[in-house]
Structures are given as structure tokens and as C-alpha cells.
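Visitor: I have a chain open on my screen and want to go through it piece by piece. Can we start with how the helices pack?

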Amino acid sequence: MGYLIAITDDDSMNLKTAERILRKNGYDTDCLSSGEELLEYLKTNKPDLILLDIHMVGIDGFETMRRLNALDRESRVPVIFLTADDDKETETEAFISGAMDFVAKPFVASILLLRVRNTIELFKLQHDLEEEVYRKTEEVIKEHERNERLSLQVVQTLAETIDAKDKYTKGHSTRVAQYSREIAKRAGYSQREQDEIYMMGLLHDVGKIGIGDAIINKPTSLTDEEYGIIKTHPMVGFEILKNITEMPKLAIGARWHHERYDGTGYPDGLSGKDIPEEARLIAVADAYDAMASHRSYHHTLDQQFVKNELAKGKGTQFDPFFADIMIEMIAEDIDYTLREVSTERLDTRKEEQTPRQEQSDAAFLSVLKKGGINVKNGLGFCMDDISFYSEMLHEFVDTAPARSSALHDSLSVYDVDSYRITAHSLKSAAKTIGADDFSHYAENMELAAKSGNVFFIEENHADFMRYFTEVVSLVKTALYLKTNDR
């Protein structure tokens, strides 16, 4: 059964774009046009996820979120905010308000799908997670049966739940565990010791349970205070695991995997052989995966660069013995398979076209390009699907009269907030079809309305509307050519 997504946006073009992307990839959707409509909808429906626009007529996304937060625990649904804003203040406020993620408009299909999937998985895994962890641990201790209380399945599930808190580290704990076990094997550890190292690797980041999602998933640089909070996760993990007396080494990896060989690490500033051996081993595997995976601050790094960084860190960050083993593993990994591999695959296969259809599409796109439309970007937002792109162009044309009237009416009564909302919506719509220059113009009008600069709006409104008319006329011409050249 497919997951149900409630898409809430007062712009029909955004609704149709999101709906098309999600339905094409197996999700069920319900489209709602206001915060009020969403709240009413939730009285009788329980979607798996809400996509919520921030700037809407009536109650905006933030006020809607406040009302959602007031619902009882069982009625709560995870929320991803949608907006064409690109300022960090909006992103920060979105996370503080309780949203689990943030997606920019126009939508990039692969990003939207990835974040929808990850958020649904994260919410399901995190539901009452802390209580469940402590409850299971307590039960395990009382039962005194190691196999039941610490089965690999439970540990693996817990590790996946930890990784799910951070949208950039999916699978990180499992990979660290695998690399750690291989290092241990090459270091001459017994099979039992290798299995212990594997379990320790799986749970090395368990302390992240105690770190807020807003900090873990913050899209901008951390403040000193936030970094200080992040640095508490080794001790939190240690406190969680230390009571598992029949496998006491589990807590070692959690507490000391961020110590450095030269003594400059945390939380205890241990150095050299004073750092437990298992933690020194896991630290190498952890650092390797951080470089060989996609993170908020970098893509997967070049394999040779990763190898050089490990070599440079020998004796300062890393135990030289374990670093050399990891470097040896890299040298053998000719195809660079030891890294994060995305499982997200977007099906962009297109129906076969006749030569005449291909010529028609080429002519249609050529008209748009000559008129200044960035067709490459527009197609990109529509999954490189010409029929989808055509649908969005039609939607842009069909909604133009209503947008134009809304702008004129707002200015006539000096309702700058309504003007701002419409200009914001138009900015996103224009960017979706590749009208980048006009989108930038709409953004300037939005910013003027946001700052209350009525003089700027009055001075530029007529030119803004003329530009809007020209873009609509160009799109109409291209669509006419496409329709009548079949």
C-alpha cells in the first residue's frame, strides 16, 4: 500500500507539480489549498506526511504548524515545509517550529522524493524511540539473557533509527560496523572479537538519540553552542550502553570514537594507547565513512583524497596501525565500492516518439529558448519529461489571469502583504518553467512588499505586469506550435 501525502499549498501549479512527481513514484496524494482546509481535513484523515507551504493566504504555514503542534500525540503527522524563500532565517524558523525537513520550490524531483521517503521512515522509526530504547534495555538487564536482549536484529534496527535522524548519514552506522569488522579481521582479531567490534560500530552513534533534529539536520554552519551540544553525544551514548553488563565494550565505541591520537579529541582528551583499542579502530572507520559519504557540507570525496587524508592523520588523529590497514583496504578497492551508494533511482524513461513528434518538440523548445526561457532548468524541475513540462507551462498560462488580478487588486488597496504572497507564488511558478529573469523580477517585488516599500512597488508594477504578459504570450505561442504541429 502506498503512503498518503497531504500537499498543502494555495498555488495550483505547485500542487500539480508535487502531485505529479509523487504519484509517478507510487505515493497517494490529497491536495489542499489552505492551512484551514488542512486542519479540517485532518479531523477525518491521517496522512503519512504533510507537505506544507509557508506563504499562504489566510493562516500561513507557521501558524498552521503551531495548530498542528497543539493536536494530541496520536494525531500528529510529520511535516515538511515548502517555500521559495532561500534565506537562512526562514529555514531556521521552519526547523524550530517543529518541521522535520525543508524543501525549496521549484521542486527538484529527486530531492523531493528523497526527503519525503526519508522523513516518513524517520518518523516511523523515531516514534517513541527514546522510551523504547530504555524500555528494551531495562528488560534485557532483568532477563539476563544476552541473546534475547542484544540480538543483532535489535541492534541493527536501532542503528538504522539513529542514522535516520540525520538525512545525510543513512546507512552510516552499518558501514562503519562493516569497515570496523574488516579492519579487526586484518588486525588478527578472533571471530568473537570481530563480532564485538561489529556491534560496537553499529551503536557508536547511539548518543545522537539525545540530540535535537533541528541541530543534527541544520542546513547551515553550527554555532559554538550547537557544536557543544553535538559533542555531548559520546557521553549520552555511553550512559545508554554502560548498563549492558554482559557486553561492557559496547559503551567503549560510543564514548571514545571522537578521541584523537594526539590527545586533542573529546570527550576526555585521551591520547595514544590510553584510548581504548576498539575506539581507536572504530575512529578510523568512522572518519573514512564521513569522507566517503554525502554530507550536508560535501559530496562523496575523491578516493585518492580520502586515502591521503588518512595518511596525513596518522599519529595525530588516527592510530597509525589501524590507519594503515584502512589505507590498504582503499588500495585494494579499485572500483571505489567502499562508500555510500544512493538507492534512489528516478525513473525518467519516456515513451518512444515518432520523428515528427521529436521535431515538433524541438521546435517548441526552440521558441521558448529564443524567448529567454531556460528550458534546461524548466525540464529539470519536471523530471526531464516534456509532457510534464508542457503541463506546467499550461498551468502557468491558465493561472496568469488570477495572479494578475490579485496583484492589481492588492496594490489598489495597498494590501502589501497580499501583494507579497502573490509575488512569492509567481516567483516560484516562473522558476519552475525556467523563466529565471522574470522570477528574479518577481522576487524583487516580493522583497519590496516584505519591507513595506510601496513606492518601489508603484514605480515598478506596470513594468512588472508588462513583463508578465510578455512571458505568458511567449509560452502561449510555444504551446500553440506544439499543439498544432502534430
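Visitor: What is the handedness of the crossing of H21 and H22?
Guide: The two helices cross in a left-handed way. Keep in mind that this is a predicted model.

Visitor: How do the axes of H21 and H22 sit, in distance and angle?
Guide: The axes of H21 and H22, the latter spanning residues 436-450, come within 8 Å and cross at roughly 160 degrees. An angle over 145 degrees counts as roughly antiparallel, so H21 and H22 are roughly antiparallel to each other.

Visitor: Which residues of H21 and H22 make the contact?
Guide: From H21 they include Val416, Tyr419, Arg420, Ala423 and Lys427. From H22 they include Asp436, Phe438, Ala442, Glu443 and Met445. By class, the contact of H21 with H22 divides into 9 nonpolar, 2 polar and 7 charged residues.

Visitor: And H20 with H21, what angle and distance there?
Guide: The axes of H20 (residues 386-412) and H21 (residues 416-433) come within 10 Å, crossing at roughly 160 degrees. H20 and H21 are therefore roughly antiparallel to each other, and H20 passes H21 in a left-handed crossing. On the H20 side the contact includes Tyr389, Phe396, Arg403 and Leu407; on the H21 side it includes Tyr419, Thr422, Leu426 and Ile433.

Visitor: How many nonpolar, polar and charged residues are in the contact of H20 with H21?
Guide: There are 13 nonpolar, 4 polar and 1 charged.

Visitor: Is Tyr414 buried or exposed?
Guide: Tyr414 is exposed, with a relative accessible area of 51%. Tyr336 also has a positive phi, about 50 degrees, without being a glycine. Tyr336 is in the loop between H17 (320-332) and H18 (355-370), and it is buried at a relative accessible area of 10%.

Visitor: Moving to the core. Which residues have the most contacts inside the largest one?
Guide: Leu51, Val116, Leu368, Tyr389, Phe396 and Phe464, in a nonpolar core of 60 residues. Apart from it lies another core, of 42 residues, with Tyr189, Val306, Leu310 and Phe318 among them.

Visitor: What does Phe464 touch?
Guide: Residues up to four places away in sequence are not counted. Beyond those, Phe464 touches Leu407, Tyr419, Leu426, Phe438, Tyr441, Ala442 and Met445. Leu407 is in the H20 contact with H21, and Phe438 is in the H22 contact with H21.

Visitor: Back to helix pairs. How do H9 and H10 cross?
Guide: H9 (residues 172-186) and H10 (residues 191-202) have axes that come within 7 Å and cross at roughly 155 degrees. H9 and H10 are therefore roughly antiparallel to each other. H9 passes H10 in a right-handed crossing.

Visitor: What meets what between H9 and H10?
Guide: In H9, the residues include Ser173, Val176, Arg181 and Lys185. In H10 they include Gln194, Asp195, Ile197 and Tyr198. The contact of H9 with H10 has 6 nonpolar, 6 polar and 3 charged residues.

Visitor: Which residues does a cis peptide bond join?
Guide: One joins Lys105 and Pro106, with omega about 0 degrees. Another joins Tyr266 and Pro267, with omega about 15 degrees. Pro106 is in the loop between E5 (101-104) and H5 (109-126), while Pro267 is in the loop between H14 (250-256) and H15.

Visitor: Ser34, buried or exposed?
Guide: Ser34 counts as buried because its relative accessibility is 15%, and the cut-off for buried is under 20%. Ser34 is in the loop between E2 (28-32) and H2 (35-41). Leaving aside neighbours within four places in sequence, Ser34 is in contact with Thr8 and Met56.

Visitor: Last one, the whole chain. How many helices and strands?
Guide: The chain has 23 helices and 5 strands. Of its 486 residues, 50% count as buried. Among contacts between residues at least 6 apart in sequence, 67% join residues at least 24 apart.

Notes: Residues are numbered from 1 along each chain as its sequence is written. This is a predicted model: local features need pLDDT of at least 70, side-chain atom pairs count only at pLDDT 80 or more; totals for chains, interfaces and linings use all residues. Side-chain values use heavy atoms; hydrogens and water are left out. A nonpolar core is a set of buried Ala, Val, Leu, Ile, Met, Phe, Trp, Tyr and Cys residues joined through side-chain atoms within 4.5 Å. Buried means under 20% relative accessible area, exposed over 50%, partly exposed in between (1.4 Å probe, protein chains only). Contact means heavy atoms within 4.5 Å. Axes are lines fitted to C-alpha atoms, for helices over the stretch in contact, and angles run from 0 to 180 degrees between N-to-C directions. Helices (H or I, at least four residues) and strands (E, at least two) are DSSP runs, numbered from the N terminus. Angles under 35 degrees count as roughly parallel, over 145 as roughly antiparallel, 65 to 115 as roughly perpendicular and the rest as oblique. A crossing is left-handed if the near helix is turned anticlockwise from the far one by less than a right angle, and right-handed if clockwise. Ala, Val, Leu, Ile, Met, Phe, Trp, Tyr, Cys and Pro count as nonpolar, Asp, Glu, Lys and Arg as charged, and the others, Gly among them, as polar.
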